[in-house]
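Biologist: I'd like to go through this one with you, asking what stands behind each label. Can you put it up on the screen?

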Amino acid sequence: MAITFDHVNFTYQPNSPFAATGLKDVNLTLPDGSFTAIIGHTGSGKSTLVQHLNGLLKPTSGQVQVDDFTLTSTTSNRHLKDLHQHVGMVFQFPENQLFDQTVVKDIAFGPLNFGFDENTAHDMAVQAAKTVGLPDNVLERSPFELSGGQMRRVAIAGVLASQPRVLVLDEPTAGLDPLGREHMMQMFEQLHEEQQLTVVLVTHQMDDVADYADQAVVMGHGEVLKAGAPQTIFNDPQWVYDQQLDFPTATKFAFQLQQKGFSFNQLPLTEQQLADQLADQLPAMDGKGR
Amino acid sequence: MLEQLTLGRYVPGQSILHRLDSRAKLLLSLYLIVIVFLTSNWLTYVFMFILVGGLIAMTGLKVGYFIRGIGPLIWLIVFTAVLQLLFTPGGHVYWHWGVLMLTSTGIATAVSVFLRFLLIITMATILTLTTAPLAIADGVEAMLKPLRIVHFPVAQTALMLSVALRFVPTLLDEATTIMNAQRARGVEFNNGGLIKRLRAIVPLLIPLFVGAISRADELATAMEARGYQGGDGRTKYRVLHWRSADTMAVISVLIINIVLVVFRHLN
């Protein structure tokens with residue numbers, strides 16, 4: 001099973017003076033267990049797109065298929081609860097959604113809503129807290145006493161606790177320090193690999209696209225402009241500039257090296273790829289061999 | 001759900017009504033709403049409806065906006081009118097059952113309550129659709145100025161009003177986001193009985209309050225850092241201008257008032 005968008009259109013506040021197009025004829029396939037990055041400038045429809053994945057928004061026309069669930073304009077809200085559990089959704093600045101008296105209660109809130117009994121929900125919460133790396137001693141504290149980074153972890157644990165099969169992340173590392181950012185991305189990568197979660201990541205960090213994603217989707221004005229492996233997206237530098245997108249750090253460095261006479265048969269996206277290709281060229285350049 | 005409310009929204013435009021001084025517009029709208037109660041016979045009602053229709057035409061906006069503005073309130077109006085209809089004694093009694101009765105006075109009161117409500121809401125909608133929220137805040141500040149004599153904190157009230165208006169859309173956005181986030185965690189806001197629905201609001205209200213408090217804190221710090229020391233002694237960036245059109249508007253409303261009084265006594 002996979003996630004497919006079939007001619008999906010979405011209009012905000014349809015039939016009103018404030019109507020605005022959100023999505024225009026989106027066709028897309030995200031294979032099971034894939035790691036998809038969604039990029040595009042602000043207001044390009046990225047967040048609108050991902051909110052279709054768990055039925056928070058329903059297409060104005062067209063059809064979204066998420067594994068066993070089919071979503072059309074006529075799908076009733078009553079049938080969405082299973083979909084909400086199946087697709088875990090981490091919103092931008094998710095720490096704003098915390099509300100309960102203790103961290104563990106807040107994390108268990110999702111599982112309780114999805115019908116697990118108190119004990120099971122508690123166990124699921126403790127497990128999720130461990131997954132996101134929260135120390136045991138914060139579990140009984142109020143979420144509002146924690147630091148910003150820890151609050152973010154609690155919020156993400158609250159989504160993971162319901163054990164979703166698809167994980168949607170809307171800029172999960174925005175506003176975090178570099179180390180926190182790296183830890184968090186590695187945690188998602190680990191979940192993706194160990195539990196074969198399908199991950200959909202909305203991001204402005206091209207390094208994250210290069211390092212983690214196996215598929216990238218470029219959005220612009222509510223349309224899918226390009227979809228494919230990150231390598232194919234970044235291979236056309238002029239096009240990338242035209243879309244007001246950026247390159248991964250390694251790629252930018254590679255462009256500078258190209259001007260100094262280096263050549264790459266494949267555009268390096270990650271530090272590893274850059275280092276590998278440089279290692280092949282360096283001995284030849286200084287003429288001494290290895 | 002929240003987005004569908006047209007009441008209280010501003011639609012930018014270039015009509016005469018859009019360009020009127022906000023002080024004049026506020027004052028005249030209030031005045032027009034008060035003189036709606038001068039209506040008594042069919043002549044006055046016809047006159048007021050023609051007037052409101054003319055005002056709508058002057059805004060240059062689609063009639064649909066106004067109809068949508070009244071939409072959410074129509075049940076309240078109908079409810080009030082029906083109460084008047086069934087519980088007003090007096091005049092000729094057509095039918096009665098227990099405390100319920102249908103009388104000629106009742107019918108007359110119900111019709112006039114319905115029509116007056118309709119007129120008032122339409123006029124309020126004309127005001128909000130053609131006046132930017134900040135202009136309304138400026139207008140209110142100007143109108144409160146005389147209260148300085150009794151040591152009423154005019155500047156502070158005006159500041160609170162404009163900050164509140166500025167953050168209405170932000171808070172609405174935030175409420176929608178939190179609502180979506182909690183729905184994604186399995187909360188059902190539109191399902192179940194009264195108790196269940198009330199409980200579902202807690203995970204929405206607490207984050208909203210916490211967010212509002214921390215936002216207020218940050219805003220206060222940012223304002224102090226920019227040299228805000230209280231309302232008095234500040235100069236104004238947006239200065240209101242009274243033009244001849246505004247004087248004309250005042251005169252026309254006074255004429256309307258006189259015509260209404262005359263029509264009222266014609267029967």
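Biologist: Why is A:His221 called exposed?

Modeller: First, keep in mind that this is a predicted model. The relative accessible area of A:His221 is 60%, and exposed means over 50%, so A:His221 is exposed.

Biologist: Where does A:His221 sit, and what is its phi?

Modeller: A:His221 is in the loop between strand E9 (215-220) and strand E10 (223-228) of chain A. Its phi is positive, about 50 degrees, although A:His221 is not a glycine. Most residues other than glycine have a negative phi.

Biologist: Which loop holds A:Phe93, and what is phi there?

Modeller: A:Phe93 has a phi near 45 degrees, a positive value in a residue other than glycine. Its loop runs between strand E6 (87-90) and helix H3 (103-113) of chain A.

Biologist: What makes A:Phe93 count as partly exposed?

Modeller: Buried needs under 20% and exposed needs over 50%, with partly exposed in between. A:Phe93 has 40% relative accessibility, so A:Phe93 counts as partly exposed.

Biologist: On to chain B. Why are H2(B) and H10(B) called roughly parallel?

Modeller: The axes of helix H2 (residues 22-35) and helix H10 (residues 244-264) of chain B cross at roughly 5 degrees and come within 10 Å. Angles under 35 degrees count as roughly parallel, so H2(B) and H10(B) are roughly parallel to each other.

Biologist: Which residues meet there?

Modeller: On the H2(B) side, B:Ala24, B:Leu28, B:Tyr31, B:Leu32 and B:Ile35. Their partners in H10(B) include B:Val250, B:Val253, B:Asn257 and B:Leu260. The residues of this contact of H2(B) with H10(B) divide into eleven nonpolar, one polar and one charged.

Biologist: What makes H2(B) roughly perpendicular to H7(B)?

Modeller: The axes of H2(B) and helix H7 (residues 133-144) of chain B cross at roughly 75 degrees and come within 8 Å. Roughly perpendicular covers 65 to 115 degrees, so H2(B) is roughly perpendicular to H7(B). The residues of the contact of H2(B) with H7(B) divide into eight nonpolar, two polar and two charged. Among those in H2(B) are B:Ser22, B:Arg23 and B:Leu30, while B:Asp138, B:Gly139 and B:Met143 are among those in H7(B).

Biologist: Which parts of chain B does UniProt annotate as "transmembrane region"?

Modeller: The unreviewed entry lists residues 30-58, 65-87, 93-111, 118-137, 149-168 and 247-266 of chain B. In the model, residues 30-58 are 79% helix and 0% strand, with end C-alpha atoms 18 Å apart. For residues 93-111 of chain B, the figures are 42% helix and 47% strand, and the end C-alpha atoms lie 17 Å apart.

How values were computed: Residues numbered from 1 in each chain as written. Chains lettered and ligands numbered in written order. Predicted model: local features only at pLDDT ≥ 70, side-chain atom pairs only at ≥ 80, totals over all residues. Heavy atoms only, no water. Axes fitted to C-alpha atoms, helices over the stretch in contact; angles between N-to-C directions. Helix = DSSP H or I, 4+ residues; strand = E, 2+ residues; numbered from the N terminus. Parallel < 35°, antiparallel > 145°, perpendicular 65-115°, else oblique. Contact = heavy atoms within 4.5 Å. Nonpolar A, V, L, I, M, F, W, Y, C, P; charged D, E, K, R; others polar. Buried < 20%, exposed > 50% of the residue type's maximum accessible area, 1.4 Å probe, protein only. UniProt positions renumbered as here; feature names shortened; annotations may be inferred.
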